[in-house]
Amino acid sequence: MPSEPSDRRYLATGTQLVKIVVAGPFGVGKTTLVSAISEVRPLRTEELMTEASVGVDDLRGRPGKSTTTVGLDWGRLTIGEDLVLFLFGAPGQERFRNVWRETAVGALGALVLADTRFLAESFESLTLVEEMGLRYAVAINAFPDSPFHPEPDLREALDLAPKTPLVTCDARDRHSAAQALADLVEYLMTSDALESA
Ligand SMILES: Nc1nc2c(ncn2[C@@H]2O[C@H](COP(=O)(O)OP(=O)(O)OP(=O)(O)O)[C@@H](O)[C@H]2O)c(=O)[nH]1
Ligand SMILES: [Mg+2]
């Protein structure tokens, strides 16, 4: 079921407040992106990865990763004069699926992060986002050893609709991450969900 237009909120000044979910599999860079981009001190609910995580959370390709999100990330980004994005990063692990669903309620859209080293790991996030009826963009978070794939191949591998925005970003870089969100917002603003409001 598509997200309802009533999910949008306005201040008396006319400023539009929009909730965006940052989704993606374990370790793809969701917390990094929200932290890089937020204009207020971001809320992070990170826990140290303990020995209990070994064999549960796969650290391949994430040598510097010592924490994982167990609740949510939250940040805020103002775009232009009259649009404020509230960013909600949901946990990546499968065992937090219910937290993910609750986090996504009321969102207008989602930015789904993917890692070309582990593309198939994004399938579950894409399915969850689609099940929630959220419109989304996919952002490839480029790591140093990420293989390059031409856009048509990526679209085919992720089974993306032609209109779904697909961008590459560096989640650590504010400008790059903001551009990915701007592409998502542009898509949401021209999509049927808003036009029918
Ligand atoms: N080289 C590089 N490293 C990155 C990039 N984005 C994130 N990292 C690193 O990759 C690791 C994973 O990032 P997180 O932001 O914790 O990932 P997450 O998606 O929030 O992970 P979970 O909450 O555990 O699902 C961290 O050690 C980051 O420093 C990137 O664009 N390039
Ligand atoms: Mg995280």
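1. Basis of the note. This is a predicted model, in which local features need pLDDT of at least 70 and side-chain atom pairs count only at pLDDT 80 or more, while totals for chains, interfaces and linings use all residues. Residues are numbered from 1 along each chain as its sequence is written, chains are lettered from A and ligands numbered from 1 in the order in which they are written, and side-chain values use heavy atoms, with hydrogens and water left out.

2. The shell around ligand 1. Ligand 1 is surrounded by 20 residues, of which Lys 30, Thr 32, Lys 65, Thr 68 and Asn 141 are the closest; a residue is taken as near a molecule if one of its heavy atoms lies within 4 Å of it. By residue class, the shell divides into seven nonpolar, nine polar and four charged residues, where Ala, Val, Leu, Ile, Met, Phe, Trp, Tyr, Cys and Pro count as nonpolar, Asp, Glu, Lys and Arg as charged, and the others, Gly among them, as polar. Helix H1 (30–37) and strand E4 (67–69) each supply at least two residues of this shell, and H1 gives the largest share, three residues. Helices (H or I, at least four residues) and strands (E, at least two) are DSSP runs, numbered from the N terminus.

3. Polar contacts and cover of the ligand. A polar side-chain atom of Thr 32 lies 2.5 Å from an oxygen atom of ligand 1, and for a polar side-chain atom of Thr 31 the corresponding distance to a ligand oxygen is 2.9 Å. The backbone takes part as well, with a polar backbone atom of Val 28 at 3.2 Å from an oxygen atom of ligand 1. A polar contact here is a pair of N or O atoms within 3.5 Å; within protein, one must be able to donate a hydrogen and the other to accept it, and residues adjacent in sequence count only if both atoms are side-chain atoms. Of the 650 Å² of accessible area that ligand 1 has on its own, the protein covers 87%, the areas coming from the Shrake-Rupley method with a 1.4 Å probe.

4. Helix H1. This helix is mostly covered, since six of its eight residues are buried, namely Lys 30, Thr 31, Leu 33, Val 34, Ala 36 and Ile 37. Buried means under 20% relative accessible area, exposed over 50%, and partly exposed in between (1.4 Å probe, protein chains only).

5. Asp 115 and Arg 117. Asp 115 lies in the loop between strand E7 (109–114) and helix H3 (123–131), and Arg 117 is in the loop between E7 and H3 too. Asp 115 is buried, with a relative accessible area of 2%, and Arg 117 also counts as buried, at 17%. Their side chains are joined by a polar contact of 2.8 Å, and the side chain of Arg 117 has a further polar contact, of 3.0 Å, with that of Asp 145. Asp 115 is also 9.2 Å from Gly 27, C-alpha to C-alpha, although the two are 88 residues apart in sequence.

6. Pairs separated along the chain. Glu 47, in strand E3 (residues 46–48), counts as partly exposed at 46% relative accessibility, and its C-alpha atom is separated by 5.5 Å from that of Thr 68, 21 residues apart along the chain. Leu 11, in the loop between strand E1 (9–10) and strand E2 (16–23), is partly exposed as well, with a relative accessible area of 43%; Leu 11 and Asp 82 are 9.4 Å apart, C-alpha to C-alpha, and 71 residues apart in sequence.
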